[in-house]
Amino acid sequence: QNEEKWDFVLVSDIHEMGSEKEIKRKKFLDELSKKGFTIKKIEDTKLFYGVRAPQHIFWKYQCLQRKADSRQQNSSAHENVAETTRIRIVNFILRNTVTSDLEKLHDLMKKKVFEAAFPLHKKEEIREILKDKWARWGVIFKEQPINEIRCYFGEKVALYFAWLGWYTYLLVFAALAGLVTVVAGTTVFSSSQVSKEICDANTTFMCPLCDQNCSFWVLSDTCTYAKVTHMIDNEATVAFAMFMAVWATVFLELWKRERATVVTKWNLHRWDEDEEELALQLINNLQHEPQQYQHSYLRSTIILILALLLVMVLIGIAHMLVIYRAVAMALFTQSEVSLLSKHASTMAVMTGAVLHYITIIIMTKVNRHVALFLCDLEKPRTLSQQENSFTVKIFIFQFFTNFSSLIYIAFFLGRINGRPGDYVRIAGHWRLEECHPSGCITDLFIQMAIIMLLKQTISNIMEYLIPLISHQLRKKRERPKERRMMLGEEEEAEDPCKRHWLSNYELNEVNVFSLFNEYLEMVIQYSFTTIFVAAFPLAPLLALFNNVIEIHVDAIKMMRLHRRMVPRKAKDIGIWLQVLEAIGTLAVIGNGLVIAITSDFIPVQVYKYVYSPCARENRTGMDCSTGYINNSLSVFRIQDFESHTKVLPEFKGHQIKECRYRDYRSADDYTYTVQFWHIFAARLAFLILFEHVALCVKLIAAWYIPDIPQRVKNTILCDKHKNLRNELSMIEYVTEV
């Protein structure tokens with residue numbers, strides 16, 4: 001039975017004898033044999049080579065580990081090496097074995113000498129436990145078996161699932177807070193004075209939304225829209241934005257504690273990645289010289305310029321979406337279809353959001369290629385450095401891809417479009433969009449809701465279905481022989497390894513980025529959940545539903561649909577932690593800006609305390625925001641329209657001389673009023689105050705919650721003490737003898 005334990009399988013096409021590929025393959029396998037590897041060949045529609053490493057390689061590794069980690073000094077000479085460690089060492093040696101032509105496995109795979117190299121899913125007890133307790137839909141609300149995941153997939157994967165589980169658990173609190181905010185919005189604030197005024201304003205005539213064939217419109221037509229806006233945009237949202245800033249910090253601080261506990265339990269807190277890499281290099285080749293650290297300012301400058309160029313392109317794409325919406329708005333308003341012309345603004349926003357989603361999908365692929373190219377330019381020293389460098393680049397690119405359009409809607413929409421009689425135009429022709437009289441925040445809400453829902457539903461379905469379908473197709477393609485055997489032709493007894501290797505080969509392939517993709521997806525989702533959460537309080541709830549499914553989709557994929565991942569050792573989630581901390585800071589800035597600039601919170605407060613009847617006449621019995629809508633709309637005389645604007649002066653039997661638009665300008669010369677500058681100052685003051693308070697609270701929370709629990713610190717302390725005492729007693733014993 002022991003004979004049939006194989007660490008890795010190499011797969012190759014059947015090449016002609018004497019062909020270049022066959023010679024290269026033989027050279028590589030000969031190199032492995034020289035290192036003492038056992039190789040077994042099985043022929044089917046492809047050639048399969050089982051590879052087993054000699055025992056002395058693992059003994060060397062254990063000795064080096066024992067030197068590095070003196071805690072295990074008294075362990076027995078050659079205990080069994082964990083399966084994950086075996087696979088990791090064999091993978092390293094396979095990837096770093098050089099043939100006489102100076103080619104490595106990577107080069108041979110590029111030249112199609114080998115098609116695949118993978119470790120096997122084995123029928124171990126632990127695999128059955130994982131299938132039963134983790135990789136099925138029935139256990140969706142149970143705790144994940146993190147230790148078993150570690151024993152089967154290695155620490156890196158286990159830490160990903162530990163982090164994802166922890167994030168999902170803490171999302172429950174954020175989701176509840178978001179739900180409370182929305183419920184408060186629908187109950188307490190649906191009767192708000194502002195939306196009441198909009199609903200009653202049936203004699204307030206608003207300026208037309210386009211230049212040709214657009215009539216005036218009555219403010220009370222948008223009653224429903226106003227109610228929706230005030231459901232999101234109210235006092236509760238400010239408290240919720242503050243809560244989310246603190247939540248993001250507390251989440252990361254508690255995760256650091258959780259990580260410290262887990263890593264200490266696994267005895268990895270002293271483990272050093274560089275030392276591990278050097279040890280493996282020396283086991284593979286004793287003559288190996290370490291690669292030196294290097295840094296080139298010229299190379300860094302080139303990378304920076306190229307990265308900035310791509311960011312410019314991504315911002316350019318956001319501009320294209322803005323232009324699309326302006327043109328679509330103009331075309332929809334003039335459309336013959338009444339449904340389109342009636343809801344032109346909403347249709348423009350919704351189709352814009354779908355278009356944005358499509359650009360996200362396309363640009364994600366482009367970003368990946370550019371980030372890889374920049375990584376190769378940088379020439380990182382080790383695999384983990386390469387991963388870190390790639391992570392930072394792709395995150396920045398993805399951030400701009402996902403958020404540039406949202407940033408425009410949140411902070412520029414309706415602020416740069418001019419005024420009636422003097423509109424800002426695209427190519428001198430199309431007007432930029434305007435905000436609704438009850439604020440821009442609903443546009444941001446729609447955009448976020450569409451992108452989050454599309455991203456999560458489509459991504460999750462694709463993530464599950466594509467591997468499932470491709471696995472079924474591979475199965476059909478790789479097993480044409482079985483029918484012949486069933487027809488009764490007797491063949492020699494089949495090698496038990498053959499079926500096992502074949503079934504592993506039929507699974508979908510995995511690569512270095514398999515886990516990276518999962519992290520990236522979650523971190524972008526985390527950005528949506530925190531950065532503009534003030535405009536979309538339901539984001540944490542959507543994220544929570546998504547994650548509960550995501551954990552199990554990932555588990556089923558890894559256990560049943562994908563080949564086994566090469567286990568990797570790790571003691572944290574790497575650079576992702578810094579990325580998450582950066583998002584936490586961005587969230588404070590983003591939410592502060594949303595409340596200060598996008599929302600109507602500040603103008604309403606300024607009106608209440610300075611311009612309202614309460615402030616002027618000391619009336620206490622009335623709602624202080626009475627008259628706000630009338631106050632926030634400026635007057636425009638129809639005779640001042642641009643010459644090419646065609647507007648019918650008659651509307652519903654009224655002869656209209658002036659219309660209203662949303663701004664604070666004087667009725668005489670259309671310059672900004674004092675109130676405009678007053679509100680502008682209040683917005684800035686609020687922004688500075690909100691950000692400083694939120695950042696202070698974040699710092700206090702970070703200080704208040706220690707990164708490493710005392711229990712863990714004490715365990716490490718006692719260990720050090722015990723080791724030193726043992727060393728001393730050994731020395732004293734030797735000197736006495």
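Which residue in β4 stands opposite Val9? I opened the predicted model to find out. Phe118 is the residue in β4 that faces Val9.

**Entry 1: strand β1 and its partners**

I began with β1, which covers residues 8-12. I looked up its pairing on both partners. With strand β4 (residues 116-119), β1 pairs in the antiparallel sense over 4 bridges. With strand β3 (residues 47-52), β1 is joined by 5 bridges, and these two strands also run antiparallel. I then checked a position on the β3 side. Ser12 stands opposite Leu47 there.

Next I asked which way the side chains go. In a regular strand they alternate between the two faces of the sheet. In β1, Phe8, Leu10 and Ser12 point one way. Val9 and Val11 point the other way. Are these residues buried or exposed? I found all of them buried.

**Entry 2: helices α15 and α21**

I turned to a helix pair. Two packed helices are described by the angle between their axes and the distance between the axes. For α15 (residues 383-411) and α21 (residues 576-598), I noted an angle of about 10° and axes 13 Å apart. Angles under 35 degrees count as roughly parallel, so α15 is roughly parallel to α21.

Which residues of α15 make the contact? I listed Thr391, Phe395, Phe399, Ala410 and Phe411. From α21 I noted several contact residues, among them Trp576, Val579, Ile583, Leu586 and Gly590. Further along α21, the contact includes Leu593, Val594, Ile597 and Thr598. I sorted the contact by class: 11 residues are nonpolar, 3 are polar and none is charged.

**Entry 3: Arg725**

I looked up Arg725 and placed it in helix α26 (residues 710-736). Is Arg725 buried or exposed? Its relative accessible area is 56%. The cut-off for exposed is over 50%, so Arg725 counts as exposed.

**Entry 4: the whole chain**

The chain has 737 residues, and 51% of them count as buried. I counted 26 helices and 14 strands. The C-alpha trace spans about 105 × 75 × 55 Å along its principal axes. The accessible surface comes to about 36600 Å², and 62% of that belongs to carbon and sulfur atoms. Among contacts with a separation of 6 or more, 80% join residues 24 or more positions apart.

Methods
Residues are numbered from 1 along each chain as its sequence is written. This is a predicted model: local features need pLDDT of at least 70, side-chain atom pairs count only at pLDDT 80 or more; totals for chains, interfaces and linings use all residues. Side-chain values use heavy atoms; hydrogens and water are left out. Axes are lines fitted to C-alpha atoms, for helices over the stretch in contact, and angles run from 0 to 180 degrees between N-to-C directions. Angles under 35 degrees count as roughly parallel, over 145 as roughly antiparallel, 65 to 115 as roughly perpendicular and the rest as oblique. Contact means heavy atoms within 4.5 Å. Ala, Val, Leu, Ile, Met, Phe, Trp, Tyr, Cys and Pro count as nonpolar, Asp, Glu, Lys and Arg as charged, and the others, Gly among them, as polar. Buried means under 20% relative accessible area, exposed over 50%, partly exposed in between (1.4 Å probe, protein chains only). Two strands pair if DSSP finds at least two bridges between them. Accessible areas come from the Shrake-Rupley method with a 1.4 Å probe; for residues, only the protein chains shown count as cover.
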